[in-house]
Amino acid sequence: MNLPRQHPARDTTADGLMNRVEAYALSNFKWLWQFIMAISFLRKLVNKSIINRAVMRARTRPSPYGSMAVQGDSDKPMAGYTSWELMMDRTWYKRHLPQSDLGDPGHKLGPLPDVQDLRELYHVEPGEETMSETSTVLFLSFAQWFTDGFLMTDTSDQRKTHTSHHIDFNPLYGLSREQSDALRERSEDAGRKGRMKSEIDENGEEWAPKYFDENGNPKPEFAALRPPLRLDQYEEKAGPERTAYVKQTIFAFAGDRANTTPFTAMLNNLFLREHNRVAGLLEVAYSDWDDERVFQVARNVNVAQLIKIVVEDYINHISPYWFQIEADPSVCWKAQWNKPNWIPIEFNLLYRWHSLTPSYFEIDGNQVPGEAILFDNAHLTGIGMAKAIDSASKQPAWNMGLLNTPEFLVDVEIASLVQGRTNRLGSYNDYREAMGYGRVTEFEQITGHPKRIELLKKHYGHVDKIEFFVGLFAEDVAERAAVPPLIGRMVALDAFSQALTNPLLSQHTFNPRTFSDVGWKILNETSKLADVVARNVSGGDTIKASFDI
């Protein structure tokens with residue numbers, strides 16, 4: 001594999017003067033931002049300003065647009081007008097923009113290219129792949145695991161979702177009381193209050209229990225859980241013998257996507273350990289609490305510290321700015337954008353970061369092909385949590401963008417492109433404009449990469465015809481950034497407005513009464529994933545646990 005290839009810088013004139021000035025100022029003058037961050041009141045002021053600007057780039061919630069179909073006519077979307085049902089039925093995604101006629105018969109720009117012809121936008125020849133200069137496999141694994149917890153598309157209708165629209169930690173706790181009860185010990189015994197079910201292996205490591213019995217059937221105690229998503233499709237490709245093997249490695253998780261790779265399972269197990277650790281501290285500190293209260297407060301702590309990690313570790317890693325954002329919920333308490341959460345379909349699609357995924361993974365010194373790790377958690381339990389985290393933190397991810405997707409994921413890129421068309425999303429230029437950038441008029445304003453420019457011209461012919469999902473990944477990644485500009489802007493918009501408006505962070509809830517004095521101390525001691533690793537993994541304070549190369 002190679003480092004990112006050098007190519008001409010893209011033409012940024014279409015970004016707008018203020019956008020260019022702001023990006024330059026925040027990405028330079030490191031000494032100035034370090035000075036500001038060292039002075040408490042200045043840091044708080046700048047932190048509030050940056051978060052507010054990030055959210056106010058586009059119109060605030062509630063959006064008048066949604067993916068809802070007309071009752072009794074599933075092919076006829078209601079996205080062209082607003083209705084009470086559209087504003088209330090949260091089983092449908094929201095939208096940043098109304099449905100588009102891009103690609104419709106008779107459109108002035110003509111039909112969209114055949115999706116199969118667009119495979120060459122993603123395909124990378126062996127030896128031509130490029131590696132990220134900033135991000136590790138731990139970063140891409142966290143991104144997949146975290147977003148799979150709220151970007152849950154209904155498999156029967158890609159315009160629908162079964163998310164709660166919150167960062168609710170449902171991969172660990174479930175979407176319902178029935179699911180969380182299936183994963184809890186529910187014990188009033190001393191030393192067991194508030195705990196989630198787990199097993200200790202021969203090396204003394206704690207893991208979630210297994211989902212399948214020795215015959216490959218789901219255990220009755222986990223009947224309330226959703227089965228691992230796409231395991232049936234995996235069996236069609238891998239065969240029954242291989243599937244029978246991986247079934248014995250699959251954990252009982254509430255999240256139907258949390259077993260997809262050993263690295264997503266690793267993160268779910270890490271926070272399972274943290275929940276049980278916090279429950280133990282609470283039980284000792286508050287001996288009169290029953291199992292239910294210990295569990296609920298430990299859960300509160302775990303959800304809130306996940307949000308802190310998302311903002312202060314994950315989002316700060318994505319950003320090329322020297323100023324480091326703090327997860328200060330008071331920023332939104334009186335902000336005009338503090339409205340009930342509702343995930344937009346565009347947020348779902350912009351998180352398809354398949355090109356970050358390497359074709360093989362370095363696991364304890366061995367190179368394992370990407371498709372070989374799917375559902376196989378033996379790659380985790382066989383080496384232990386410490387080595388797995390260390391390996392993921394030392395291997396660079398691939399570079400995000402077109403012409404850099406491993407072959408085993410190209411079909412997934414095409415499926416995402418089809419989902420965008422199914423939802424009748426607008427053009428890349430429409431979303432640039434909606435997010436406060438200028439519309440591009442030349443392909444060179446999207447990317448400086450000669451091959452990308454050549455293929456975009458070949459397939460689309462005109463910049464206004466480029467689809468949202470293609471344009472997002474056609475852009476170049478800026479120095480020290482982890483994602484291209486439009487993705488970064490949309491992630492910040494939705495991340496801050498979705499994360500900091502979490503009910504647990506609200507003005508009259510974010511206090512020690514909700515989290516306990518013990519839990520409040522834990523929250524104040526947590527800002528990075530490495531903090532949780534150090535507390536729950538043997539030798540965790542000595543290994544690398546980082547999103548940064």
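Is His 165 buried or exposed, and at what relative accessibility? The legends below refer to a predicted model, and the first view takes up this residue.

View 1. His 165 counts as buried, at 1% relative accessibility. The residue lies in the loop that links β5 (157–161) to α6 (170–173).

**View 2. The whole chain.** The fold counts 21 helices and 10 strands. The radius of gyration is 23 Å, close to the 24 Å that the globule rule gives for 549 residues, so the chain is as compact as a globular protein of that length. Along the principal axes, the C-alpha atoms fill a box of roughly 70 × 60 × 55 Å. Of the 549 residues, 58% count as buried. Take the contacts between residues at least 6 apart in sequence: 76% of them join residues at least 24 apart.

**View 3. Helix α10 against helix α11.** Two packed helices are described by the angle between their axes and the distance between the axes. Here α10 spans residues 262–285 and α11 spans residues 291–318. Their axes come within 9 Å and cross at roughly 130°. That makes α10 oblique to α11. The crossing is right-handed. On the α10 side, the contact is made by Phe 271, Glu 274, His 275, Val 278, Ala 279, Leu 282 and Glu 283. The α11 side brings Val 294, Phe 295, Val 297, Ala 298, Arg 299, Val 301, Asn 302, Gln 305, Leu 306 and Ile 309. By class, this contact has 11 nonpolar, 3 polar and 3 charged residues.

**View 4. Helix α5 against helix α10.** Helix α5 covers residues 137–147. The axes of α5 and α10 come within 9 Å and cross at roughly 75°. An angle from 65 to 115 degrees counts as roughly perpendicular, so α5 is roughly perpendicular to α10. From α5, the contact residues are Val 137, Leu 138, Ser 141, Phe 142, Gln 144 and Trp 145. They meet Phe 263, Thr 264, Met 266, Leu 267, Asn 268 and Phe 271 in α10. The classes here are 8 nonpolar, 4 polar and no charged residues. Phe 271 of α10 meets α5, and Phe 271 is also listed in the contact with α11.

**View 5. Helix α11 against helix α19.** Helix α19 runs over residues 485–499. The axes of α11 and α19 come within 11 Å and cross at roughly 170°. The two helices are therefore roughly antiparallel to each other. Ile 307, Val 311, Ile 315 and Ile 318 of α11 make the contact with Val 491, Ala 495, Phe 496 and Ala 499 of α19. The contact has 8 nonpolar residues, with no polar and no charged residues.

View 6. Ile 250 sits between α9 (240–247) and α10. The residue is buried, with a relative accessible area of 0%. Which residues are in contact with Ile 250, leaving aside its neighbours within four places in sequence? They are Lys 210, Tyr 211, Phe 212, Pro 228, Leu 231, Asn 259, Phe 375 and Asn 377. Glu 475 is 225 residues from Ile 250 along the chain, and their C-alpha atoms are separated by 37 Å.

View 7. Helix α17 covers residues 450–460. Its buried residues are Arg 452, Ile 453, Leu 455, Leu 456, His 459 and Tyr 460. What covers them includes α18 (468–474). Just after α17, Gly 461 takes a positive phi of about 75°.

**View 8. Ser 516, positive phi within a helix.** Ser 516 belongs to helix α20 (residues 512–524). Its phi is near 75°, a positive value in a residue other than glycine. Ser 516 is buried, with a relative accessible area of 5%.

**View 9. The cis peptide bond at Pro 62.** The peptide bond from Arg 61 to Pro 62 is cis. Omega is near 0°. Pro 62 falls in the loop between α3 (40–55) and β1 (69–70).

How values were computed:
Residues are numbered from 1 along each chain as its sequence is written. This is a predicted model: local features need pLDDT of at least 70, side-chain atom pairs count only at pLDDT 80 or more; totals for chains, interfaces and linings use all residues. Side-chain values use heavy atoms; hydrogens and water are left out. Axes are lines fitted to C-alpha atoms, for helices over the stretch in contact, and angles run from 0 to 180 degrees between N-to-C directions. Helices (H or I, at least four residues) and strands (E, at least two) are DSSP runs, numbered from the N terminus. Angles under 35 degrees count as roughly parallel, over 145 as roughly antiparallel, 65 to 115 as roughly perpendicular and the rest as oblique. A crossing is left-handed if the near helix is turned anticlockwise from the far one by less than a right angle, and right-handed if clockwise. Contact means heavy atoms within 4.5 Å. Ala, Val, Leu, Ile, Met, Phe, Trp, Tyr, Cys and Pro count as nonpolar, Asp, Glu, Lys and Arg as charged, and the others, Gly among them, as polar. The radius of gyration is taken over C-alpha atoms; the globule rule is 2.2 Å times the number of residues to the power 0.38. Buried means under 20% relative accessible area, exposed over 50%, partly exposed in between (1.4 Å probe, protein chains only).
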